[in-house]
Amino acid sequence: MKFSDLMHLSADDAGNILIDDLVVKLPNTPLDVIEQFYADHGRNYGFQEQYADIDISNLEWTLVGLSYSEIAEASIFSNFKDWSDTCTLKSQGVASENDWSLIGHNKSTVQNWEENRTWVRPPIMLITSNNYHLVEGHSRFGCLKGLVLSGIISPQKSHQIWLAKIESKIA
């Protein structure tokens, strides 16, 4: 099944692909990846533009720990870079203002950043050869970047990521 085939699956009123259908079609895919990537973004033009030709039925997803230094090397789709940069700027204010709410997420997410210095939910990344690409989690990445740049989080601290290797280049 290619990513472009997601366009033919049933969706709810908000345009999200039905999770139950995805679980049947992609039984070896972690539910977290199904929810974040395929259900939420399978019908999104920007995602279709990037990932249409990827054979998602053969991806092997692994939960891995990467340092910020490794994560920061990831490519980001140009249409999402401005948003990620906005999140970076907001989270950089945490150090100068001593106000974790500047991250701008819900209370439990802010509390998790403050207590654990990482995200609640692992972002989604693909790797081709030795090149990482951020698929989903642009807000989380921007937040981490800002907290690292402001000295609150060490660039060597490990953060969990959902990772799958693909053979082809990403658009």
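Mentor: Helices (H or I, at least four residues) and strands (E, at least two) are DSSP runs, numbered from the N terminus. This is a predicted model, in which local features need pLDDT of at least 70 and side-chain atom pairs count only at pLDDT 80 or more, while totals for chains, interfaces and linings use all residues. Residues are numbered from 1 along each chain as its sequence is written, and side-chain values use heavy atoms, with hydrogens and water left out.

Trainee: Where does serine 129 lie?

Mentor: Serine 129 has a positive phi of about 50° although it is not a glycine. Most residues other than glycine have a negative phi. As for its place, serine 129 lies in the loop between S3 and strand S4 (131–136).

Trainee: Is serine 129 buried or exposed?

Mentor: Buried means under 20% relative accessible area, exposed over 50%, and partly exposed in between (1.4 Å probe, protein chains only). Serine 129 has a relative accessibility of 55%, so it counts as exposed.

Trainee: Which class of accessibility does arginine 117 have?

Mentor: Arginine 117 is found in the loop between helix H6 (107–116) and S3. Its phi, near 55°, is positive in a residue other than glycine. Because its relative accessibility is 29%, arginine 117 counts as partly exposed.

Trainee: Is leucine 26 buried or exposed?

Mentor: Leucine 26 is found in the loop between helix H1 (19–25) and H2. Contact means heavy atoms within 4.5 Å; leaving aside neighbours within four places in sequence, leucine 26 is in contact with Met1, Ile34, Tyr38, Ile56 and Ser57. At 2% relative accessibility, leucine 26 counts as buried.

Trainee: Which residues does glutamate 35 touch, not counting residues up to four places away in sequence?

Mentor: Glutamate 35 lies in helix H2. With a relative accessible area of 25%, glutamate 35 is partly exposed. Outside that sequence range of four places, glutamate 35 touches Ile19, Asp40 and Arg121.

Trainee: Why is H5 oblique to H7?

Mentor: Axes are lines fitted to C-alpha atoms, for helices over the stretch in contact, and angles run from 0 to 180 degrees between N-to-C directions. Angles under 35 degrees count as roughly parallel, over 145 as roughly antiparallel, 65 to 115 as roughly perpendicular and the rest as oblique. Helix H5 (residues 78–97) and helix H7 (residues 138–149) have axes 7 Å apart, and their packing angle is about 40°. That angle makes H5 to H7 oblique.
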